[in-house]
Amino acid sequence: MDFWQKVLKLDRRWIFLVVAIVVVVPIIWPLGLPVFVTPDVRGVFDEIEKLPEGAPVLIAFDYEPGSTPECDPMAEALLTHCYRKNLRVVGVTTLPVGVGTGENILAQVSQRMGKERGVDYTFLGFKAEQSASIVGLGLSVQNTFQTDRYGNDTSTLPVLAGVEKLADFAYLPVVHDDATLDNWVIYGQQLTGVRVGSLCTAVMAPGSYPFKNAGQITGIVGGLKGGSEYEKLLGIRGAASNGMDSQAVIHIFLIIIMILGNVAYLITRKR
Amino acid sequence: MELTGIWVSALLTLAIYSFLYKDNPLYKLAEHIFVGVSTGYLLVVAWRDALYRDLIEPLGSDWGAGFLILLPGFFGALMFTRLFPRISWVSRISLAIFIGVTSGYAIPNYIQGDLIKQTEATIVPLYTQGQSGTASLNILILLVGVLTVLIYFLFSVKHEGVVGRISRLGIWYLMVFFGAAFGYTVMGRVSLLIGRARDLHEYSQAQYGFASIVCGVFVVLCIVAWEIWNRTRRRE
């Protein structure tokens with residue numbers, strides 16, 4: 001068996017082992033690779049940046065625990081930005097599993113930045129039937145969520161002062177790992193005019209671009225790369241930026257083995 | 001409590017990754033735990049955040065508004081008749097209401113937001129004053145892509161001659177899209193691996209009792225023991 005045949009017959013477990021090494025080494029010894037900001041991420045950042053102090057922002061935490069390595073860094077960067085600007089943050093989710101993930105990251109960042117629940121932020125929780133809840137929020141936030149997740153009356157919460165319906169929110173960033181953005185755009189942005197941004201896993205990013213092209217969303221923060229760009233705009237080096245070292249190295253490795261595999265296939269096929 | 005959670009997290013992560021070597025009992029155990037815990041969690045959230053919060057609690061506080069909540073609650077309860085074959089037909093009433101209402105507000109809004117708005121986005125001038133050449137090229141590429149892919153999906157006309165050549169270009173556009181989507185997918189999966197690797201690296205520190213290292217050694221020993229047991233069994 002010659003070299004090219006060995007390449008084609010290589011046990012995939014050797015590739016898994018090399019991938020593991022390639023991922024772990026930059027975590028232990030960071031490379032500090034540069035991050036370049038794209039206009040798509042700027043579209044979300046600039047929307048938050050131009051908001052006045054005290055403006056209410058509704059953040060939809062529509063992702064499951066399995067997506068936290070990608071979505072948590074983005075959500076953390078977004079929340080840090082909102083709190084730096086002293087915006088009022090209201091969290092909500094249209095997924096049952098979003099309750100844990102959303103509440104967790106919201107509480108973590110709010111505590112770190114010294115924000116008070118009920119005054120600076122709150123979490124409305126989960127409401128069944130995604131499209132109906134968004135339509136309901138569009139008509140009345142207080143009727144859809146009479147209480148927040150902690151049992152407080154939403155009609156008297158200081159963080160929701162002046163907010164009666166979805167259109168009263170200054171911005172609606174959706175942190176998602178599935179197609180919930182479609183519902184937020186169709187029933188939220190289209191029916192009420194609220195401005196929407198997408199912070200999504202890399203798998204969902206291709207599905208967000210048609211909305212960006214049509215002007216239905218302001219920007220896209222896609223995957224760990226998008227999160228690292230947002231962190232760069234904030235001037236911090238967080239989980240997303242540190243993860244990009246491993247991401248870059250492993251992508252180079254994957255490109256090399258894909259080229260190697262295809263060359264091996266073409267050469268052995270010719271014989 | 002947090003330390004226990006970290007040890008459990010490290011052990012289950014490494015048990016799941018042990019599948020990369022071979023399907024084994026430790027992986028199966030972790031998988032079953034995952035399925036069970038996810039189902040239990042969803043049940044609790046469905047009860048606490050939907051049924052109790054939207055049905056039971058409002059009924060307990062205000063019986064006057066009760067009828068408005070009882071009616072949808074009743075139709076929701078009828079859905080459970082699907083579990084009993086003799087009376088499962090009753091659930092069709094609830095399903096009909098649900099499908100009717102959701103279709104009613106979904107169809108016009110999706111036509112407006114997904115079809116008309118997207119079509120609007122392709123009807124843009126190829127050149128406007130002050131626009132860069134790159135932007136014009138992007139608009140042209142977008143327009144050609146939309147038309148050729150739509151023609152590719154037109155199966156009422158045979159794909160030969162001019163139509164055949166145009167749909168071949170549509171296929172090339174689709175291949176580029178699939179390649180880009182696959183690239184994004186690979187990036188996404190790698191990001192998840194990086195996230196877990198970062199957590200395992202953190203949990204290997206002394207403050208967490210070297211959790212990742214101890215759990216890693218334990219998983220390896222379990223697999224070695226299982227392999228030895230398998231080989232002994234095969235020899236017998």
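Q: If a residue is called buried when 20 or more other C-beta atoms, placed from the backbone, lie within 10 Å of its own, exposed at 12 or fewer, and partly exposed in between, how many residues of strand β3 of chain A are buried?
A: This is a predicted model, in which local features need pLDDT of at least 70 and side-chain atom pairs pLDDT 80 or more, whereas totals for chains, interfaces and linings use all residues. Residues are numbered from 1 along each chain as its sequence is written, with chains lettered from A and ligands numbered from 1 in written order. Strands (E, at least two residues) and helices (H or I, at least four) are DSSP runs numbered from the N terminus. Strand β3(A), residues 121-126, is mostly covered, and the buried count is six of six.

Q: Which residue of β3(A) is the bridge partner of V90(A)?
A: Strands pair if DSSP finds at least two bridges between them, and β2(A), residues 88-93, pairs with β3(A) in the parallel sense over four bridges. Within β3(A), the partner of V90(A) is T122(A).

Q: Which element of chain A gives the most residues to the side that touches chain B?
A: With contact meaning C-beta atoms, placed from the backbone, within 7 Å, 36 residues of chain A and 36 of chain B take part. Elements of chain A that each supply at least two residues to this side include β3, α6 and α11. The most, six residues, come from α2(A).

Definitions and conventions. Contact = placed C-beta atoms within 7 Å.
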